[in-house]
Amino acid sequence: MDRSSFSRRPDSFDGLGYRGDPLFGFREQDQLQQHRVTEPPDIPGSRNLHLTGDQRTGERTPQTGERAGWVAPQPGLPPAEQLSRFAGFGIGLVSLFTENVLAHPCIVFRRQCQVNYHARCYHLSPFSAVAVMYSITKAQGPKALWKGMGSTFIVHGIMLGAEGVISELTPLPRLTAMVALPFYCASLIETVQSEIVRDEASSGLLDCLREGVTRLLGVGAPHSCRLLPLRSLLLPAALHAVLRYAIASCVQRGVLWLQQRGRQAPRADSPDPLDAYFPELAAAWAGALVADVLLFPAETALHRLSLQGTRTIIDATDGAGAGGNGPLVLPVNTQYDGVSDCLHAMRRREGTAGFYRGFGALVAQYALHGTLLAAARTLLRLLLLEGRAA
């Protein structure tokens, strides 16, 4: 066959090891033939896709004018980029699932402790908090500490949607707490309301939206005269959201700076994909922890003011129902005039420790989150090592 029927690449082309590379099984005398346009290119990672069965088994047959047949690619280990994305997605999914699902019982019990001014035990330790959580679950069933999860997702969705709209119009996206405040109050009621007095026939997933709209418009079933108007809660809610965002962001940046300063230079030949994802998640975890600890008294006051006048009945947090002699449920009847009156009353009647009722549940929440993050990192690192070894 005339050589003019072949199209040759420029002599300077040296890409992908075509020039007599023994790894690809080509010889110098076959170099013209392998540069045919009709032949599929030989790229690393899929170098055997256009070889015949004899060639893949090691019995090489010389290429002729007849085009070699294509076969379907065989499944194998994903490349390094796919492994990196899988590792990042996996550890991010674990963090999201733990924060919004597995930690929900801790959030429910923490809020119940914050609004229960009757309780003798403040549950400052995670051990006492976990013990009473187990007692409540044993007495009322698993739903006792998983209530209100759907409403929390609805509030998160409202805040995300409002943040997208507000960020386009104003430079103050953190003011979404003011937009979602009536729905947050409705979700708070669902999370602390006792399952013993809950009416299953009238409760639904969209009750949070209905109750939030009625709270916003001031219509629906009449509440107590002690119910505070939303305008008196707007400023405390916005201030709490802005401070939490500022504290968490500062701590997160500081942790990332310390990690980058103390980290050794990664090896270029075998970089660890988890190093691109885990430091940010760990910094976000630390930032949220510090912000929630510092603003715990403000959150306690905000929850009490939001629940005042709603005629909510909560579970007893002193361990009743598991051998205790106290009541199973308690009403919430507070008479605060505002934020300053709430803070002064808590300090006068309950002491400084009253601002930290349910703090042990917060410790248990972040301990669970951090433990699962570390376990997910270890498991994914082992999977990556096995994939590289194979």
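**Close-up views of salt bridges and a nonpolar patch**

**View 1. Arg 244 is partly exposed, at 29% relative accessibility.** Here buried means under 20% relative accessible area, exposed means over 50%, and partly exposed lies in between, as judged with a 1.4 Å probe and with protein chains only. The model is predicted, so that local features need a pLDDT of at least 70 and side-chain atom pairs count only at pLDDT 80 or more, whereas totals for chains, interfaces and linings use all residues. Residues are numbered from 1 along each chain as its sequence is written, and side-chain values use heavy atoms, with hydrogens and water left out. Arg 244 forms a salt bridge (a side-chain nitrogen of Lys or Arg within 4 Å of a carboxyl oxygen of Asp or Glu) with Asp 292, and the closest N and O atoms are 2.8 Å apart. The two partners are 48 residues apart and link distant parts of the chain, with Asp 292 in helix α11 (residues 278–294) and Arg 244 in helix α10 (residues 231–262). Helices are DSSP runs of H or I with at least four residues, numbered from the N terminus. Asp 292 counts as buried, at 13% relative accessibility.

**View 2. Arg 304 and Glu 350 form a salt bridge whose closest N and O atoms are 2.8 Å apart.** Because Arg 304 lies in helix α12 (residues 296–307) and Glu 350 in helix α13 (residues 339–350), the pair ties together parts that are 46 residues apart in sequence. Arg 304 is buried, at 1% relative accessibility, and Glu 350 is likewise buried, with a relative accessible area of 11%.

View 3. Between Arg 210 and Asp 207, the closest N and O atoms of the salt bridge are 3.1 Å apart. These two residues are separated by about one helical turn, because they stand three residues apart in helix α9 (residues 207–217). Asp 207 is buried, with a relative accessible area of 15%, while Arg 210 is partly exposed, at 43% relative accessibility. In the whole structure, the search finds seven salt bridges.

**View 4. Phe 97, Leu 102, Trp 146 and Leu 368 make a nonpolar surface patch of about 340 Å².** A patch is made of residues with over 30% relative accessible area and no salt bridge, in which like charges are joined within 9 Å and nonpolar side chains (Val, Leu, Ile, Met, Phe, Trp, Tyr) within 5 Å. Accessible areas come from the Shrake-Rupley method with a 1.4 Å probe, and for residues only the protein chains shown count as cover. Leu 102 belongs to helix α3 (residues 80–102) and is partly exposed, with a relative accessible area of 31%.
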